[in-house]
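Walk me through this protein model, from its overall fold to the contacts between its side chains. Keep it brisk.

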Amino acid sequence: MNREEMLRQMIEDYRKKIGTYQAMIREWETELGLNGTKGPGVETYAAPLDKKKHGAGEPVSLVREYQFFGKSQPEAAKMFLEMVGHPLKTSEIIEGIERGGVKVGGSTPKAKKTNFYTILYRGEDFGLAGKDAWGLTSWPGVKKEKEAKDEDAKEEKKV
């Protein structure tokens, strides 16, 4: 391999690395609630989103429009909780999956919350982590209410 071929190969390798780094930066900006925008002579730089509506610390800021398109409510809720990585209130999950393109049934906010709460309660993947806070049953400390009662009953029998 002569010098020219070697330089061409190095240029190609570094362009691939740049593409990888830019993808990583975009992913991290999304995770932080920042959107990458193009500027003159700069590939991306972070511009904050509207913090009044969806601040960087709010879980809903991780969701892109139509991200859950074609998913059922439980599928979307599971994906959203996996993205966030910690339990959320029922209303936060509803807000996140609706932003992702899933419609939650109910004519009033209270009816929506009641309907969705029932869906989560019946789902195998969801458990209460606190008052009105849902997590995935695969997470430590999050169990289905029935499982928790069964374990309490077993403990009482041992004593």
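What follows goes from fold to core, then to rings, charges and surface.

This is a predicted model, in which local features need pLDDT of at least 70, side-chain atom pairs count only at pLDDT 80 or more, and totals for chains, interfaces and linings use all residues. Residues are numbered from 1 along each chain as its sequence is written, and side-chain values use heavy atoms, with hydrogens and water left out.

Start with the fold. The chain has six helices and five strands. These are DSSP runs numbered from the N terminus, with helices being H or I of at least four residues and strands E of at least two. Along the sequence the pattern reads α-β-β-α-α-β-α-α-β-β-α. Of the 159 residues in the chain, 25% are buried. Here buried means under 20% relative accessible area, exposed means over 50%, and partly exposed lies in between (1.4 Å probe, protein chains only).

The largest nonpolar core has 21 residues, and Phe-80, Ile-93, Ile-97 and Phe-116 touch the most other members. Such a core is a set of buried Ala, Val, Leu, Ile, Met, Phe, Trp, Tyr and Cys residues joined through side-chain atoms within 4.5 Å. Helices α3 (73-84), α4 (90-99) and α5, along with strand β5, each supply at least two of its residues. The most come from α3, which gives five.

Now the rings. The whole structure holds one aromatic pair. Tyr-117 and Trp-134 have ring centres 5.0 Å apart and planes at 75°, so they meet edge-to-face. The rule takes rings of Phe, Tyr and Trp (its six-membered ring) with centres within 6.5 Å; planes under 30 degrees apart are stacked, over 60 edge-to-face, and the rest tilted. Tyr-117 belongs to helix α5 (residues 109-122) and Trp-134 to strand β5 (residues 133-136), so the pair ties together parts 17 residues apart in sequence. Trp-134 is buried at 1% relative accessibility, whereas Tyr-117 is partly exposed at 30%.

Another ring meets a charge. Lys-144 lies over the face of Tyr-121, 5.7 Å from the ring centre. This requires NZ of Lys or CZ of Arg within 6 Å of the ring centre and within 35 degrees of the ring normal.

What about salt bridges? Side chains of opposite charge can pair when their charged atoms come close. A search of the whole structure finds four salt bridges, each a side-chain nitrogen of Lys or Arg within 4 Å of a carboxyl oxygen of Asp or Glu. One of them joins Glu-98 to Lys-112, with the closest N and O atoms 2.9 Å apart. Glu-98 is in helix α4 and Lys-112 in helix α5, so this pair ties together parts 14 residues apart in sequence. Another joins Asp-132 to Lys-113, at 3.1 Å between the closest N and O atoms. Asp-132 sits in the loop between β4 (126-130) and β5, and Lys-113 in helix α5, 19 residues away. Asp-132 is buried at 17% relative accessibility, while Lys-113 is partly exposed at 32%.

Arg-8 and Glu-4 also form a salt bridge, their closest N and O atoms 3.0 Å apart. They are four residues apart in helix α1, so about one helical turn separates them. Arg-8 is exposed, at 56% relative accessibility.

End at the surface. Met-1, Met-6, Leu-7, Met-10 and Tyr-14 form a nonpolar patch with about 520 Å² of accessible area together. Patches take residues with over 30% relative accessible area and no salt bridge, joining like charges within 9 Å and nonpolar side chains (Val, Leu, Ile, Met, Phe, Trp, Tyr) within 5 Å. Accessible areas come from the Shrake-Rupley method with a 1.4 Å probe; for residues, only the protein chains shown count as cover. Tyr-14 lies in helix α1 (residues 3-31) and is partly exposed at 48%.
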